[in-house]
Amino acid sequence: MIIMRFEKEKPLSKLTTLGIGGKASFFVEVKKEEDLKVALREASDKKMDWYVLGSGSNIVASDKGFEGLIIKIGIKDFKKNGRRVYVGAGNNLLDFIKKINGLGLAGMEKMAGIPGTIAGAIYGNAGAYGTEIRENITRVKIFDGEKFRWIKNSECRFGYRTSGFKKNKDWIIVGAEFSFGKRKPAELVKISRDTIKLREKKYKPGLLCPGSFFKNIIVKNLKPAVRKELFPKIDRAKIMYGKLPAGYLLEEVGAKGMSSGKIKVAEHHGNLFYNAGGGTAHDIKKLAVMMKDRVLKKFGINLEEEVQYLG
Ligand SMILES: Cc1cc2nc3c(=O)[nH]c(=O)nc-3n(C[C@H](O)[C@H](O)[C@H](O)COP(=O)(O)OP(=O)(O)OC[C@H]3O[C@@H](n4cnc5c(N)ncnc54)[C@H](O)[C@@H]3O)c2cc1C
């Protein structure tokens, strides 16, 4: 028998790393694939909207909350077959990386320290230091509203911090199969440890934030006219892995240290917006609009949010 606990009036501030947001009418954590169908049926019976959440580390939740059901995916399967691993969507990314490092499975060690779940990472094609999750994925298991099925890597339409899952809102990721290289566990563990140390310089542990607020700019995708306007105004040495950091442009328009209510831009990084305690979605959106406007006026670049708005 399936026993699931539907909670009422769940504060979204407790479900997101930014720590803001009103209440969701209902909340449920799904730990098995079959439970997902039950949760969706409940939403359909009550004619409620639903929204799938991982660890809420890339979310700006509305101050008004969410009228509907928040479904947190907590499916934690883990099966290894040689260099292939099947992992449930709700596994924590860092826990997963630690596990595969220990097994000498190489490929994701530089992603250590990115918060969130496997599903959240797939949804946004999370990455760091030149590595993206798509590189090791062979296929993703989803529930498409009717049945569970597999989507091949090539069908996931991965791109820089994006995937086809952003377009197909009804597709719920329940797990993924990965394929890895081989390397000595001690070497992988060291790379992950060093990466985490490096990351902690930008993100102090416990900081209430959603990671980078805006996406970096892929230089080769810029229209010639935009490039022509941009290049004389920037230090081109800032371009890394083919991307111009949004943080650099934001800093050039004076973002560092700015604030709106209790939302602040970090003194050490222009693309890091954080909640100093008691911040609101209204404040953060106001700051985002102001920053986008300044960057557009000065550089002709339209910054795009990396964060996802909920509600
Ligand atoms: C301190 C900090 C540092 C960060 N550094 C990085 C970084 O270096 N690189 C990087 O890429 N990101 C980074 N991020 C952003 C964030 O950690 C990633 O986007 C992460 O992959 C989100 O995972 P999550 O489980 O928290 O997803 P959530 O934030 O819960 O959700 C993100 C999106 O995924 C969707 N989603 C979640 N689960 C499912 C599912 N099962 N099926 C379908 N859709 C789903 C949600 O609906 C939502 O739209 C950082 C965030 C923080 C707070």
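The model is a predicted one.

The unreviewed UniProt entry puts the feature "active site" at Arg161, Ser212 and Glu306. These residues span 146 residues in sequence, yet no two of their C-alpha atoms are more than 11.1 Å apart, so they gather at one spot.

Take Ser212 next. Ser212 belongs to the loop that runs between helix H4 (185-202) and strand E15 (217-218). With a relative accessible area of 16%, Ser212 falls under the 20% cut-off and therefore counts as buried. What does Ser212 touch, once its neighbours within four places in sequence are left aside? The contacts are Lys202, Tyr203, Asn271, Glu306 and Val307. One of these, Lys202, also has a polar contact with Ser212, side chain to side chain, at 3.2 Å.

Glu306 sits in a loop as well, this one between helix H7 (281-299) and strand E20 (308-310). Glu306 has a relative accessible area of 15% and is buried. Neighbours within four places in sequence aside, Glu306 is in contact with Asn58, Tyr160, Arg161, Ser212, Phe213, Phe214 and Lys215. That list includes Arg161 and Ser212, which are the other positions of the UniProt feature.

On to the aromatic rings. Searching the whole structure turns up 11 aromatic pairs. In one of them, the ring centres of Phe96 and Phe178 are 5.3 Å apart and the planes meet at 45°, so the pair is tilted. Phe96 comes from helix H2 (residues 93-102) and Phe178 from strand E13 (residues 172-179), so this pair ties together parts that are 82 residues apart in sequence. Phe96 is buried at 2% relative accessibility, and Phe178 is buried at 0%.

A second pair has another geometry to report. Phe214 and Phe273 have ring centres 6.0 Å apart and planes at 85°, so the pair is edge-to-face. Phe214 lies in the loop between H4 and E15, while Phe273 lies in strand E19 (residues 273-275), so parts 59 residues apart in sequence are tied together here. Phe214 and Phe273 are both buried. Phe214 also turns up among the contacts of Glu306, and the loop between helix H4 and strand E15 is where Ser212 is placed too.

Phe78, Phe96, Phe178 and Phe180 are linked into a cluster by ring pairs. Elsewhere, Lys10 lies over the face of Phe27, with 4.8 Å to the ring centre.

Now for the ligand. There are 33 residues around the ligand, and those that come nearest are Val52, Gly54, Ser57, Thr117 and Gly127. Arg199 comes in through its side chain, where an N or O atom is 2.8 Å from a nitrogen atom of the ligand.

According to the unreviewed UniProt entry, residues 20-183 carry the feature "domain: FAD-binding PCMH-type". The C-alpha atoms at the ends of this span lie 41 Å apart, and the span is 18% helix and 37% strand.

Glu177, in strand E13, is worth a stop of its own. At 13% relative accessibility, Glu177 counts as buried. Its side chain makes a polar contact of 2.8 Å with the side chain of Thr138. Leaving out neighbours within four places in sequence, the contacts of Glu177 are Arg84, Val85, Tyr86, Asn136, Ile137, Thr138, Arg139 and Trp150.

Key: Residues are numbered from 1 along each chain as its sequence is written. This is a predicted model: local features need pLDDT of at least 70, side-chain atom pairs count only at pLDDT 80 or more; totals for chains, interfaces and linings use all residues. Side-chain values use heavy atoms; hydrogens and water are left out. UniProt positions are given in the numbering used here, feature names are shortened, and annotations may be inferred rather than shown by experiment. Helices (H or I, at least four residues) and strands (E, at least two) are DSSP runs, numbered from the N terminus. Buried means under 20% relative accessible area, exposed over 50%, partly exposed in between (1.4 Å probe, protein chains only). Contact means heavy atoms within 4.5 Å. A polar contact is a pair of N or O atoms within 3.5 Å; within protein, one must be able to donate a hydrogen and the other to accept it, and residues adjacent in sequence count only if both atoms are side-chain atoms. Rings of Phe, Tyr and Trp (its six-membered ring) pair if their centres lie within 6.5 Å; planes under 30 degrees apart count as stacked, over 60 as edge-to-face and the rest as tilted. A charge sits over a ring if NZ of Lys or CZ of Arg is within 6 Å of the ring centre and within 35 degrees of the ring normal. A residue is near a molecule or strand if one of its heavy atoms lies within 4 Å of it.
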